Amino acid sequence: MVPLSWYLVLSAVLFCLGVSAFLLKRNIITIFMSIELMLNAVNLSFVAFANQFHNLDGQVFVFFVMVVAAAEAAVGLAIIIAVFRTRETLNVDRVNLLKL
Amino acid sequence: MLHQVLFIIFGLICVGGAINLLVQRHPINSALSLVVVMGALSLIYLLLGAEFVAAVQVIVYAGAVMVLFVFVIMLLNAGAEERSRGSHVALWIGGPGVVVLAGMIVYLMFRNDKHFTPVTIGSFPAQPDNTHSLADLLFKKFLLPFEITSVLILIAIMGAVVLARRES
Amino acid sequence: MTAFLIAAVVKILLVVFLLLTGVAYMTWLERKVVGHIQNRWGPTRVGPFGLLQPLADGIKFILKEDMVPDSVHKGLYILAPALALTMSLISIAVIPFGENITIAGTTTPLQITGVTRPGSPITDINIGLLIILGVTSIGVYGVALAGWSSNSKYALLGSLRASAQMISYELALGLSLVGVLILAESFSLRHIVDTQSGTWFGFLPRWYIFPQFIAFFIYLMAAFAETNRIPFDLPEAETELVAGYHTEYSSMKFAMFFMAEYVNMITVGCLATLLFFGGWHGPLFGPPLLQALLPVFWFSVKIFVFMFLYIWIRGTLPRFRYDQLMAFGWKFLLPLAIANILVTGLIVALGA
C-alpha cells in the first residue's frame, strides 16, 4: 500500500539528479548518461500513471521512449567518436572553437 | 508493509546510484552506477505490475544501450579523471535552481496525493497476461508509431555507421 | 508458510550443489571425450578412470597463489568474475525440472521459482524466458569489465572481441526463440513445456524441434557463440591473444570464469531441452515412485546429450576467424531468424 506520490517523487528526484549531472559534469559521455537518467525517470512516471489509471497506454509509451533513447545513444556516441578523433579530448570546455 | 519495504530499498538504490553518477570522476564508474539505477528501476516496474516493461528494461536498456556506453568509454580511454574547471555559472545558478525545481515538484506531489489511489501489488493484472495486452495495443492502436520507430532505428543505424567510420 | 520456506531453501541448496558438481564433472567428461577423439586417454591417474581429477583441480585452484597485478583497477577486477558467475547461476532459478513432487506431506514443484497450491495448477513466472535473456545480457558486463580492469593490451582486445561477439549473437538467440513463442503463446517456461505434451499420429511427440528445426539450428549456433565455445572461441584461444580477457587472472578468479562458462553451457542446454525437446516429457512406466522420478531422468538425459554435442564439436571443428564469425552472425543467422519468424507467423495466422 504505497501512495502514488512516492513513485512520482522518486521520478522527480531522479530527473533532478539527471539535470544537475548534465549541468555540472564536464565529460561529454557522462553528460550523455545523465540524459539517459532523465529519460529513465520519465519512464517511471509513465509506468506509475499506467498503473494508476489502469490503462496500458503508458507502458506502450515507455517502449517508444526506450527506442528513441537507444537510437539517440547510438548516433550521439558516433558523433562523440568522430569529435574525439579530431580534438583528442572529451572535455566539453575544450570543444569551444569551430576550427581546431 | 512488504510493498513499502521493497519500494524504499529499491528507491534508495536508485537515488544512491544517481548520486554516485554525479559524484564519480571516472566515466566508467558513472556508467556502472547508471546500470545499477536501471536494474533497480526494473524492479520498481515489477512492483507496479509492468512485468514485460521490466524485462525489456533489463534486456534493452541495461544490457544493450549501457553496454554500448561502456564500449565507447573503454575504446576511447581518454576519459580519465576530468577536472571540473567548468563554468561557475552552472554551479552557482544551476545547483540552487535544480534544488528549487525538485522542491517544487515534491511539494506539489505530496499536496495532490489525496486525488490518487494508492498502489497495491497485484492490483493491475492485465488480461490475460501483460504481454498479450501490450501486444494487442502495440499492433492495433499504436501501429503507425510502431512502424515509424522502425524507420527511425534504420536511420539511426545508417547515421551511426557513417559518422563513426574512419575516413579512408 | 514455514514448509514453503524450508522447501524453497532445500531446493536452492540442492540445485546449486548438483549444478556445481555437474560443472566439475563436465570438465572431466570434456577432457576424456576430447582425449579419445584425439586418440589418447585423457585423465587416468587420479582415481579410477580419472574420476577424482575435478577434485584435484579444485584443490589446485584453491591452493594456488592469488596474484593481483599492481596496475589493475581493484574494484572492477574483483567484480568482473563475481558478476559473470552470479549471472550464470541466476538463470537456473527459473528453469523447471519436472512436475510436483510430494515429500513428507508437502507438495512442491521441481522449480526454484514455482509455487503450487493444492487443487490448482503450478504457477510459474510469466516472463521466465525473458529473465534468462536479460541475465545473459548482463553477463556481457563480466567479460567487458574483466578485460578493461586488467589494464593490459591483450586483455582489453580479447574482452572487446568477446563482448562484441556475445552481443551480436544475443540478437540471433532471441529472435530464434520467437518462432517457438509464436507456437507456444507464452513466455512462461512451464507453459511452453506443457504445450509440448501429447503426440502427433500416435508416435511423434509434439516437440517444437519438428516444426521449428531452422530455429533450432540458429539457436544452436547462437548458443555456441554466446558461451564462447569452439568454433566461436577466438577470444579465449591460447594461440591468439594469449588468453584473452582472463589473461591477468589467477587461481580462484580464473576458476570463477571457467565455472561461469560451463554453467552457461548447462543453462543453454536446459533452455534447448525445454523449448525444443519437450523438457521432462518421456515414456513413463513402472511403480508410482519411479514415475515421479522418471521426468527428472529424461530431463538429465537430454541435457547430457547437449553437453556431449558441445564437447564433440569442440574436438572436431577448427575455429572461425573473427571477421568470419561476425559476418556469420550478422549476415546469415539474423536474416534467417527473421525469415523464420515471418514464415512461422504466416502459417499460424493462415491456419487460425
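1. Lys141(B) counts as partly exposed, because it has 13 C-beta neighbours inside 10 Å. The cut-offs are these: a residue is buried if 20 or more other C-beta atoms lie within 10 Å of its own, exposed if 12 or fewer, and partly exposed in between, with C-beta atoms placed from the backbone. Lys141(B) sits in the loop between H5 and helix H6 (143–163) of chain B. Helices (H or I, at least four residues) and strands (E, at least two) are DSSP runs, numbered from the N terminus. From Lys141(B) to Met66(B) the separation is 75 residues in sequence and 30 Å in space, C-alpha to C-alpha.

2. A word on the model. This is a predicted model, in which local features need pLDDT of at least 70, side-chain atom pairs count only at pLDDT 80 or more, and totals for chains, interfaces and linings use all residues. Residues are numbered from 1 along each chain as its sequence is written, while chains are lettered from A and ligands numbered from 1 in the order in which they are written.

3. Chain A has three helices and zero strands. The order from the N terminus is α-α-α. Its radius of gyration is 17 Å, well over the 13 Å that the globule rule gives for 100 residues, so chain A is more spread out than a compact globule. That radius is taken over C-alpha atoms, and the rule is 2.2 Å times the number of residues to the power 0.38. The C-alpha trace of chain A spans about 55 × 25 × 15 Å along its principal axes. Of the 100 residues in chain A, 54% are buried.

4. Contacts come next. Two residues are in contact if their C-beta atoms, placed from the backbone, lie within 7 Å. In chain A, among contacts between residues at least 6 apart in sequence, 47% join residues at least 24 apart.

5. Which chains share the most contacts? Chains A and B do, of the two pairs of chains in contact. Here 60 residues of chain A meet 71 residues of chain B. On the chain A side, the elements giving two or more residues are helix H1 (4–24), helix H2 (28–52) and helix H3 (57–87). H3(A) gives the most, with 20 residues. By class, this side of chain A has 45 nonpolar, 11 polar and four charged residues. Ala, Val, Leu, Ile, Met, Phe, Trp, Tyr, Cys and Pro count as nonpolar, Asp, Glu, Lys and Arg as charged, and the others, Gly among them, as polar.

6. One helix pair joins chains A and B. The axes of H3(A) and H5(B) come within 10 Å and cross at roughly 70°. That makes H3(A) roughly perpendicular to H5(B). Axes are lines fitted to C-alpha atoms, for helices over the stretch in contact, and angles run from 0 to 180 degrees between N-to-C directions. Angles under 35 degrees count as roughly parallel, over 145 as roughly antiparallel, 65 to 115 as roughly perpendicular and the rest as oblique. The crossing of H3(A) and H5(B) is right-handed. A crossing is left-handed if the near helix is turned anticlockwise from the far one by less than a right angle, and right-handed if clockwise. Asp57(A), Gln59(A) and Val60(A) of H3(A) meet Leu134(B), Leu137(B) and Leu138(B) of H5(B). The classes are four nonpolar, one polar and one charged.

7. Chains A and C do not touch; 15 Å separates their nearest C-alpha atoms. Chain B does meet chain C, with 14 residues of chain B in contact with 15 residues of chain C. On the chain B side, H3 and helix H5 (130–140) each give two or more residues. H3(B) has the largest share, 11 residues. This side of chain B divides into nine nonpolar, three polar and two charged residues.

8. Helix H3 (residues 51–76) of chain B and helix H4 (residues 128–149) of chain C have axes that come within 8 Å and cross at roughly 15°. H3(B) is therefore roughly parallel to H4(C). Their crossing is left-handed. Residues in the contact include Gly63(B) of H3(B) and Trp148(C) of H4(C). By class it has 15 nonpolar, three polar and no charged residues.

9. Within chain C, helix H7 (residues 213–226) and helix H10 (residues 322–351) pack at about 145°, with their axes 10 Å apart. H7(C) passes H10(C) in a left-handed crossing. Among the contact residues are Met221(C) of H7(C) and Asn340(C) of H10(C).
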